[in-house]
Amino acid sequence: MLERLMNIDRRIIFILVALAVIIPTFLKVSFPITVSEPTRQIYTHIDELPPDATVLMAFNYGPSSLAELEPMAAAVLRHCFKRGLRVIGLTLFPDGATLGDEVIKDIAEETGAVNGEDYVYLGYRPGRIQVLLGMGSSIESVFESDYADKPLREIPMMNAIKNYDHIDLVLDLASSSSPAWWITYTNTRYNQQIAAGVTGVMVSELYPYLQTKQLVGLMPGLLGAAEYEKLINAPEKGTAGMSVQSFVHLLIVALVIFGNIAFFIRRRKEQ
Amino acid sequence: MELFGVWVAAFLTLCIYSFLYRDNPFYRFAEHLFLGVSVGYGIVLSIHDGLIPFAWNPFWKAVTEREPAGLLKLIPIAIGLMFFARLVPKHAWIIRYPFAILIGVGSGLAIPNVMDASIFRQLHGTLVPFAQIYAGKLGPFEIFGAILMFIGVIATLTYFFFSVEHRGVVGGISKVGIVFLMVGFGSAFGNTVMGRVSLLIQRVDFLVNDWIGNTIQSLPF
């Protein structure tokens with residue numbers, strides 16, 4: 001019996017995981033969410049910015065990590081627009097260009113934010129680190145026009161925003177190593193405040209930067225989105241997703257415990 | 001038309017998930033389609049948002065409006081074009097020059113900033129809590145955290161220090177380093193599981209609500 005269970009077909013595990021996701025999706029169950037300190041730090045930082053402050057959001061993710069980072073982007077955008085903060089959006093990756101444009105437009109429409117006055121979406125420029133360094137001297141030298149090809153000098157909001165001196169916070173929503181670039185080149189060189197919202201895979205490697213205050217806050221994957229939604233009291237996809245995720249986590253923990261028990265029993269028998 | 005797009009997305013999602021059963025032509029079709037579209041999209045965007053505004057437009061403006069300063073753009077354009085020398089075996093050596101410039105500029109930019117961001121500030125962050133302990137600014141939990149972090153840094157670095165044989169005291173410290181590494185890997189694994197499950201949840205949500213839900217709603221009866 002034990003041998004049969006230890007050699008279980010992996011496709012049965014896949015089916016169990018699929019069921020653990022599909023059934024709660026229909027049941028619409030919700031679990032309480034506790035806000036972690038790194039997410040609260042981003043919220044507090046944005047909440048304490050003066051009304052005319054500017055937040056630069058980098059949508060550095062593609063379709064493969066959309067599920068984790070878009071709910072986060074939507075929650076922070078809602079917070080910024082409701083507070084009347086100005087938002088500049090951009091991406092360092094070609095995959096993120098359309099995704100950033102879509103989310104910023106959707107949330108602007110929902111909150112009544114006006115393009116060119118409350119937000120500007122600059123789109124994509126190749127070069128990555130050169131883009132970060134170029135914006136330190138002049139944003140217009142890197143982005144001559146916005147995503148819709150409108151020259152920056154014709155956009156009212158950008159009249160007062162020339163470089164990092166006029167940006168109060170950079171929030172990097174990332175599925176790759178871009179937070180390290182922002183920290184290395186923008187924080188170190190220009191003393192720019194940086195926050196990051198990243199996929200679950202990356203979050204562990206960024207905690208050291210949080211401890212040294214090179215990051216003002218850090219949002220971990222879908223959990224970060226759910227926490228931020230709780231802070232702004234607007235439960236959306238992040239909250240719904242985390243409730244479903246709790247079921248899968250319970251299943252995985254049960255499978256890990258079962259696998260270990262079975263492993264030790266078998267080893268004892270072999271001895 | 002929107003529903004047609006949803007059906008295409010649903011079909012491709014199911015094609016990708018069919019790999020969980022075993023490799024099959026549907027999976028390979030969706031995988032190749034994804035790669036082709038991604039690369040094509042990336043190239044077009046790089047031309048539209050990089051090559052045209054930063055190379056072609058200034059150069060053309062310099063030529064048509066007779067602005068000699070704009071012709072300076074010819075220098076980086078020429079350096080960039082040198083990369084294509086690789087395609088002609090006889091002149092492939094030319095590629096060394098753009099590479100030398102790229103590595104030289106890249107290293108010059110990276111080394112001081114990376115040293116500062118990833119070494120000096122991290123060292124500072126590890127030691128500052130001890131100054132705060134000395135000044136009596138930290139509580140018991142924070143003092144414990146600072147000491148634990150210090151032990152973790154020393155033990156983990158010792159594990160990666162191969163100039164001395166890992167025996168005796170050094171061996172003991174490196175074993176403590178392994179414990180810290182395992183905790184780190186465990187945390188990374190847990191977060192990775194969370195990330196992967198999030199992707200599955202989003203796809204299931206799409207299939208259940210956007211695909212099946214919208215299709216049922218669009219039915220005439």
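Reader: How many residue pairs are in polar contact between chain B and chain A?
Author: The count is eleven residue pairs in polar contact between chain B and chain A, both residues at pLDDT 80 or more. Keep in mind that this is a predicted model.

Reader: Ok, and which parts of chain B do the touching?
Author: On the side of chain B that touches chain A, at least two residues each come from α2, α4 (96-134) and α6 (168-218) of chain B. The largest share is from α6(B), with 17 residues.

Reader: How many salt bridges does the rule find across that interface?
Author: The rule finds one salt bridge between chain B and chain A. The side chains of R125(A) and D49(B) meet there, at 3.9 Å from N to O.

Reader: How many residues are in contact, and what area gets buried?
Author: On the chain B side, 40 residues are in contact with 52 residues of chain A. The area buried between the two chains is about 3800 Å², and carbon and sulfur atoms give 63% of that.

Reader: Why give an area at all?
Author: The accessible area lost when the parts come together is often used to state the size of an interface.

Reader: Switching to the inside of chain A. Which residues touch the most other members of the largest nonpolar core?
Author: That core has 44 residues, and M57(A), F59(A), Y61(A), L77(A), F81(A) and Y228(A) touch the most other members. Several elements of chain A supply at least two residues each, including α3 (37-47), β1 (54-60), α5 (96-111) and β4 (169-174). The largest share comes from α4(A), which gives ten residues.

Reader: What is M57(A) in contact with?
Author: Setting aside neighbours within four places in sequence, the contacts of M57(A) include A73(A), V76(A), L77(A), I88(A), L171(A) and L173(A). There is also another core lying apart from the largest one, with 40 residues, among them I155(A), M157(A), W181(A) and A196(A).

Reader: Y228(A) was on that list. Is its helix, α10(A), mostly covered or mostly open?
Author: Mostly covered: nine of the eleven residues in α10(A) are buried. Y228(A) is one of the buried ones, and so are G221(A), L222(A) and E227(A), among others.

Reader: What do the buried residues of α10(A) pack against?
Author: Within chain A they pack against α3, α4, β5, β6 (218-220) and α11 (237-270), and from chain B they pack against α6. After α10(A) comes N233(A), which has a positive phi, near 55°.

Reader: Where do R128(A) and N191(A) sit?
Author: R128(A) lies in the loop between β3 (119-124) and α6 (129-137) of chain A. N191(A) is in the loop between α8 (178-190) and β5 (194-198) of chain A.

Reader: Are they buried or exposed?
Author: R128(A) is partly exposed, with a relative accessible area of 37%. N191(A) has 63%, so it counts as exposed, since the cut-off for that is over 50%.

Reader: Last one: what domains does chain A have?
Author: The assignment gives domain 1 (2-28 + 247-270) and domain 2 (37-235). Their centres, taken over C-alpha atoms, are 39 Å apart.

How values were computed
Residues are numbered from 1 along each chain as its sequence is written. Chains are lettered from A and ligands numbered from 1 in the order in which they are written. This is a predicted model: local features need pLDDT of at least 70, side-chain atom pairs count only at pLDDT 80 or more; totals for chains, interfaces and linings use all residues. Side-chain values use heavy atoms; hydrogens and water are left out. Helices (H or I, at least four residues) and strands (E, at least two) are DSSP runs, numbered from the N terminus. Buried means under 20% relative accessible area, exposed over 50%, partly exposed in between (1.4 Å probe, protein chains only). Domain bounds come from an automatic or database domain assignment. A nonpolar core is a set of buried Ala, Val, Leu, Ile, Met, Phe, Trp, Tyr and Cys residues joined through side-chain atoms within 4.5 Å. Contact means heavy atoms within 4.5 Å. Buried area is the accessible area (1.4 Å probe) that two parts lose on being put together, summed over both. A salt bridge is a side-chain nitrogen of Lys or Arg within 4 Å of a carboxyl oxygen of Asp or Glu. A polar contact is a pair of N or O atoms within 3.5 Å; within protein, one must be able to donate a hydrogen and the other to accept it, and residues adjacent in sequence count only if both atoms are side-chain atoms.
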